[in-house]
Amino acid sequence: DELDGCILPCIRIEDDKEFSRYGIVGGEQIRDDVIKMDSVKEKPGRDNAPSNFAAVGGYLLTPEVLGYLDRGLASVQDGEEFHITDHVFRPMLADGKALYGCEIKNSTRYDTGDKLEYLKTVFDFALKHDDIGSELRQFLKTRLD
């Protein structure tokens, strides 16, 4: 109830190429780790980014998003890719709906949209798994020696 609106989990980014991989939120910083959004730009590049808060998915959405989702899906032209940023969040912001970018802290983020990061994710979880972790660790040691 502290933030009465949709919440977009974000990470702080610094690397130039990351600004072309994520939707970047902009707005009023109401705390060190929270931005009350007034904009969101999909993959804007560093020079056009409104902040260094990159939305990474796992959104917490209010029920009113459903109407925007229906309208957004209906507006997609043949061959056009649907982006929740462009087709849902921007219209919500234009209508004055509350959206917040909240920095994820004290956690591990897994990016399974990248091949190498996906493999790191699988190995990280597998190595922690009681019934396969030690055998996998031994297998990897034979491959790395």
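## Largest pocket

By class, five nonpolar, four polar and three charged residues make up the lining of the largest pocket, where Ala, Val, Leu, Ile, Met, Phe, Trp, Tyr, Cys and Pro count as nonpolar, Asp, Glu, Lys and Arg as charged, and the others, Gly among them, as polar. The model is predicted, with local features needing pLDDT of at least 70 and side-chain atom pairs counted only at pLDDT 80 or more, while totals for chains, interfaces and linings use all residues. Residues are numbered from 1 along each chain as its sequence is written, and side-chain values use heavy atoms, without hydrogens and water.

The lining consists of Arg21, Tyr22, Gly23, Glu42, Ala55, Val56, Gly57, Tyr59, His83, Ile84, Thr85 and Arg109, and the volume of this pocket is about 170 Å³. A pocket is an open set of points on a 1 Å grid where a 1.4 Å probe fits, with protein on both sides within 12 Å along at least five of seven lines, and lining residues have an atom within 4 Å of a point.

Helices are DSSP runs of H or I with at least four residues.

Val65, Tyr68, Leu69, Gly72 and Ser75 of helix 1 meet His87, Val88, Pro91 and Met92 of helix 2, contact meaning heavy atoms within 4.5 Å. This contact has six nonpolar, three polar and no charged residues.

## Helices 3 and 4

The axes of helix 3 (residues 115–128) and helix 4 (residues 133–144) cross at roughly 125 degrees and come within 6 Å, which makes helix 3 oblique to helix 4. Phe123, Ala126 and Leu127 in helix 3 meet Gly133, Leu136, Arg137 and Leu140 in helix 4.

Terms used: Helices (H or I, at least four residues) and strands (E, at least two) are DSSP runs, numbered from the N terminus. Grid points are joined across faces, edges and corners, and a volume is the space filled by probe spheres set on the points. Axes are lines fitted to C-alpha atoms, for helices over the stretch in contact, and angles run from 0 to 180 degrees between N-to-C directions. Angles under 35 degrees count as roughly parallel, over 145 as roughly antiparallel, 65 to 115 as roughly perpendicular and the rest as oblique.
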